[in-house]
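Here are some friendly exercises, each with a worked solution. Keep the sequence and the 3D view open while you go through them.

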Amino acid sequence: VLLSQSGIAQADTPIYEIHIRDHLFYPDVLHIPADKKVKLLVRNDDATPEEFESYELNREKIIPGNSQATIFIGPLLAGEYPFFGEFFPKTAQGKIIVE
Amino acid sequence: MLLNSVILVLREVLQAALIFSVFLGFLYKLGHSRAWVLFALMLGIISGYFYASNVALVTDWLEGRGQELLGAVMHLGIYLLILLFMLSLSNYDNPRWRKVMTVSVLLGSLFSSLRESAEVILYSSGFIGIPSMMHTVLMGGLIGASIGICVGILFYYLFVNLHGKRAAWFGYIMLLLLAGNTLSQFSQLLMQADLLPTSYPVWDSSSLISEHSMLGQLLFELFGYEATPSRYQVSIFVGGWLIALMILLHPKYNFKSLFKYP
């Protein structure tokens, strides 16, 4: 699982890294703290673009191929927040567990 | 893959189709030239292609906030252009305001088609190297685009076949819904870029209308429905609606300007 939690990085905002490879998210389950804003760094290792989308998080962002993008989420209440890749929704699925 | 292509392209096309149908409906009723809308559509698709080609560059702008900022500026622009369009409707007898109407329709249509077409182009481009899937994706995209365009045509004919007060009410309500939609997306993009604070949801209506459902998707495209909106999102949405309503209800606003047209 290619998860790197950079800890306190930018103004106390923890950074969590997610990779997209072969239209799958790594890791596909991410644990983040409740009541805290975090920064997701989504790296697309595929050559094709993908769109990170989550209705529960109210987030939607295109991640170009072989590129990376940042998405801020939270503060969130404890619970599960699914996300998916809109371009390849059958394979690119994951969830954020807030605890 | 077919169903996914249909839904994805339908979602993108539907929003632009609704804006186009409302603008075209008003222009038809007023006898105003509609050629600008077609011109804006073509310009929007070309601009969308350039946006899609440079999306990696845009993404890296402003410490990774480029996509959100550009999208937010476009959505705020569409909202302001809808307000300008409302004002020009009230003052249509003035030649200057007719020019304002042309510009607001041109830019509003351009911005709405640019963002939607860019996403469709990006999505399709991902399958260029996969011939076995490209056919399915193109077929799904064609079906999705056709459904979206048909819904737009349906709204257009519904509008132009209404007369007098009914036409005016229908047109203005559609403009208000679309204005709310653009503001909802504007605030969401600012929150995503951390330029607007995110609060806990004001309500959770996902058990009533899920954003995953077809109805939820349709309502999102129509007026930016969110099952779990934040306090700031609701405030901006309501504030934007109040501004639009204040314009419409202002004593000097010629709400009846459309009544005299067939």
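Predicted model: local features only at pLDDT ≥ 70, side-chain atom pairs only at ≥ 80, totals over all residues.

**Exercise 1: a patch on the surface**

Trp36(B), Leu38(B), Phe39(B), Met42(B) and Leu43(B) make up a nonpolar surface patch with about 490 Å² of accessible area together.

Residues are numbered from 1 along each chain, chains are lettered from A and ligands numbered from 1 in the order written, and side-chain values use heavy atoms, without hydrogens and water.

*Step 1.* Recall the patch rule: residues with over 30% relative accessible area and no salt bridge, with nonpolar side chains (Val, Leu, Ile, Met, Phe, Trp, Tyr) joined within 5 Å and like charges within 9 Å. Areas come from the Shrake-Rupley method with a 1.4 Å probe, and for residues only the protein chains shown count as cover.

**Exercise 2: the architecture of chain A**

How many helices and strands does chain A have, and what share of its residues is buried?

*Step 1.* Chain A has zero helices and 10 strands.

*Step 2.* Of the 99 residues in chain A, 57% are buried.

**Exercise 3: where the chains meet**

Describe the interface of chain A and chain B.

*Step 1.* Count residues: 29 of chain A are in contact with 32 of chain B (heavy atoms within 4.5 Å).

*Step 2.* The two chains bury about 2800 Å² between them, 49% of it on carbon and sulfur atoms. Buried area is the accessible area (1.4 Å probe) lost on putting two parts together, summed over both.

*Step 3.* Tyr55(A), Asn58(A) and Phe87(A) supply 24% of the area chain A buries against chain B, more than any other three residues.

*Step 4.* The rule finds four salt bridges across this interface (a side-chain nitrogen of Lys or Arg within 4 Å of a carboxyl oxygen of Asp or Glu). Asp194(B) forms a salt bridge with Lys37(A), with the closest N and O atoms 2.9 Å apart.

Notes
Helix = DSSP H or I, 4+ residues; strand = E, 2+ residues; numbered from the N terminus. Buried < 20%, exposed > 50% of the residue type's maximum accessible area, 1.4 Å probe, protein only.
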